[in-house]
Amino acid sequence: MPSVADSDARPVHWAALREAGLSAGLWFLWGVYRLGGRWLYKLVIWPVALYFALTRRVARRSSIEYLERVGVLAPGCAWPRRLAHVTRHIATFADALLDKGLAWTGALDLAHARLDVDPRFVAAVEQGRGGVLVVAHCGNLEVLRALGRRLPQLKLKILVHTRHAQRFNRVLARLNPESGANLLQVTEIDMARAVELADCVRRGEFVVIAADRVPVSGVMGRTLAVPFLGAPALLPVGPWVFAAALGCPVYWLSCIKERGRYALECELLLERIELPRRRREQVLAEAMTRYAARLERTCRASPYSWFNFYP
């Protein structure tokens, strides 16, 4: 959960926000679950979520703006109603954090998870053909990785920027040292990194990139505004330029919790991206608009599952 001083109203880049909470607090919540199960965890997490909703201005404002745009909150509704929905949003995020830990200890029951996977993706995995998987901060990537073990031939290389979430990552590492496997810490995708990732795809791996946040920096750090939830949203062009350079398919991937069970969805977004010089911006905008429309569909179906507590 991001944290900035309430007095600071300037726009803040998501990667600059400090991690909220202490490691001791994370271990306390884990102990609550071990002691009383999920029902006790949920009972304890609501006042914690309320505390964060009251004290984290950036997260609160971002959540309210998003929930209004997705249609959960009516603009100008009463403050107690806004606070209740922001608290629910944060509590859902806390529930996902618990599932991340359970996924790496093997205690999360995924036997009844729904898998809706594009047969073209299954064929690519079986034939050793790599590609790009675009994801969002929506649902649960750790559970997605656990579900991915059902496809033993699937090889993932997941690009992450986790320096603002180091405490939680240390907790995961203590629960299971393999939690960091296949993760590649990336601040920017420079030319050397792009060549490395291209080799991964040629070896049949799938590079997983979150395409829903303004990039940290670097030559791949440009953005374009595309329609999202009724207003323009700045999204990074980097994932799409990278996919075009590889000439590989681009798939949408998400893992959302529905009525207590997870649903993994994977579908082909683009067979290939080609960027002719004269139409480069137009092609990028079309690809990114298709991604934004897919993310919007997921957000409307499960509005509390998009954990983007940033401007």
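## Aromatic pairs

Rings of Phe, Tyr and Trp (its six-membered ring) count as a pair if their centres lie within 6.5 Å. By that rule, this predicted model holds nine aromatic pairs.

One of them joins phenylalanine 121 and phenylalanine 206. The ring centres are 4.9 Å apart and the planes meet at 55°. Planes under 30 degrees apart count as stacked and those over 60 as edge-to-face. The angle of 55° therefore makes the pair tilted.

## A link across the chain

The two partners come from distant parts of the chain, 85 residues apart. Phenylalanine 121 belongs to helix 4 (residues 119-126). Phenylalanine 206 belongs to strand 7 (residues 206-210).

Buried means under 20% relative accessible area. Phenylalanine 121 has 4%, so it counts as buried. Phenylalanine 206 has 1% and is buried too.

## An aromatic cluster

Tyr66, Phe228 and Trp306 form one aromatic cluster.

Leucine 229 is not a glycine, yet its phi is positive, at about 55°. The residue sits in the loop between strand 8 (223-228) and strand 9 (231-236). Its relative accessibility is 5%, so leucine 229 counts as buried.

Arginine 259 also has a positive phi, near 50°, and is not a glycine either. Its loop runs between strand 10 (250-258) and strand 11 (261-270). Exposed means over 50% relative accessible area. Arginine 259 has 86%, so it is exposed.

Key:
Residues are numbered from 1 along each chain as its sequence is written. This is a predicted model: local features need pLDDT of at least 70, side-chain atom pairs count only at pLDDT 80 or more; totals for chains, interfaces and linings use all residues. Side-chain values use heavy atoms; hydrogens and water are left out. Helices (H or I, at least four residues) and strands (E, at least two) are DSSP runs, numbered from the N terminus. Buried means under 20% relative accessible area, exposed over 50%, partly exposed in between (1.4 Å probe, protein chains only).
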